[in-house]
Amino acid sequence: MSTENPFVALKEEMDKLVVGHEEVKIALLLGVIAREHIYVEGPPGTAKTMLAEIISGAAQLKFFFYQLHRDTRLSELLGDLVISKELTETGEVIKQRVVKGGILTAEICLLDDISRAPGESLNVLLRILNERKFFDDSIPLLTAIATSNPTADEYYNEPLDPANLDRFVLQISSQGLSYGKKWDEAKEVIRLYTERPAEYQVPPRVSKEVFDEYYQKLGSVAIPEEVQEALANFVATLIEDYGCDESNSMISDRTFFVKSLKIMRSHALLHGREVCTLEDLNALKYMTAFRIPEEVFLQLDQIIEDLTTKKKKTGTGGTS
Ligand SMILES: Nc1ncnc2c1ncn2[C@@H]1O[C@H](COP(=O)(O)OP(=O)(O)OP(=O)(O)O)[C@@H](O)[C@H]1O
Ligand SMILES: [Mg+2]
């Protein structure tokens, strides 16, 4: 990563307080640069909330934090519900309106434990995140970061269905240091907490103007033809060689042929480039954790490596 890059400051803040979890950190950075939503799933106590809080705190954006629970009501997410009575010629009319707050006025939000929300609130929430609108009004939200425990029975939550999960362009699975057998990193956490108190204050590091400047730049990051071709080959390889299909995957055209360009461009900017290279195909791994079967995801580094060393799948002449 280039040292001139303002987003390096956000990474520094995360590195100061959280050991390891490199992929979660990069996914968060790509999400805030691209203004796409991020879903982080992992077991309890693996610093998911902490990382989301750090990046939200270090970015000088209007922040909304909400811990979802089984009784979450829509008004807690959208602002206050005001009910008024009016006397008209035809009688009494009861009106209901929302004084906007929560996700309707925030620029960045943390939706902690999203899979605990009841269906009714969750559906409206996800629709607003997707459309970035509340009725006809646009909302200022740049990025929502949602966290969840793995949706297995023992965590008492419901999995988001694949179509809902697809609203989160960035998707990342975080793993604990202990079960991941990352003993050096574990020792570093122990050292960190031996030396300093647990409270943390994150200084503001990146202003809204910088976010705007980079978002402007994002659109003009060039994507050369060989990178476009490699992206098409990536999707073709997953489907033709690795058995991804509608029954086991969520490879939507929107995500892989449109949103992926933003993520690859953000990856280039994060590395101080204004032109994408084949190297930026690596950004696709921050999008695929829950979109393809786990056994394919585990081979992704190799799949990307093969593609960047030019093994053709699509292009003139069809598949090879
Ligand atoms: N890799 C790490 N580096 C530094 N601190 C860590 C790390 N992992 C866990 N911690 C500590 O553990 C605490 C728990 O993290 P946090 O509450 O963010 O977990 P979580 O993944 O959101 O858990 P839950 O799923 O229960 O909400 C952190 O506040 C931090 O003190
Ligand atoms: Mg948490």
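Predicted model: local features only at pLDDT ≥ 70, side-chain atom pairs only at ≥ 80, totals over all residues.
Student: How many residues surround ligand 1?

Tutor: The shell around ligand 1 holds 17 residues. The closest are Pro44, Ala47, Lys48, Thr49 and Met50.

Student: Which helix gives the largest share of that shell?

Tutor: Helix H3, residues 48-58, which supplies three residues of the shell around ligand 1.

Student: And how do the shell residues divide into nonpolar, polar and charged?

Tutor: Eight are nonpolar, eight are polar and one is charged.

Student: Switching to helices. At what angle do the axes of H1 and H2 cross?

Tutor: Roughly 145 degrees, and the axes come within 10 Å. H1 covers residues 7-17 and H2 covers residues 22-34. The crossing of H1 past H2 is right-handed.

Student: Which residues make the contact?

Tutor: From H1, Phe7, Leu10, Lys11 and Met14; from H2, Lys25, Leu29 and Ile33. By class, the contact of H1 with H2 has five nonpolar residues, two charged and no polar ones.

Student: Now Glu188. Which helix does Glu188 lie in?

Tutor: Glu188 is in helix H7, residues 183-195.

Student: Why is Glu188 called partly exposed?

Tutor: Because 14 other C-beta atoms lie within 10 Å in the case of Glu188.

Student: What separates the C-alpha atoms of Glu188 and Gly20?

Tutor: A distance of 9.2 Å, although Glu188 and Gly20 are 168 residues apart along the chain.

Key. Residues numbered from 1 in each chain as written. Chains lettered and ligands numbered in written order. Near = placed C-beta within 6 Å. Helix = DSSP H or I, 4+ residues; strand = E, 2+ residues; numbered from the N terminus. Nonpolar A, V, L, I, M, F, W, Y, C, P; charged D, E, K, R; others polar. Buried ≥ 20, exposed ≤ 12 C-beta atoms within 10 Å, placed from the backbone. Axes fitted to C-alpha atoms, helices over the stretch in contact; angles between N-to-C directions. Left-handed = near helix turned anticlockwise from the far one by under 90°. Contact = placed C-beta atoms within 7 Å.
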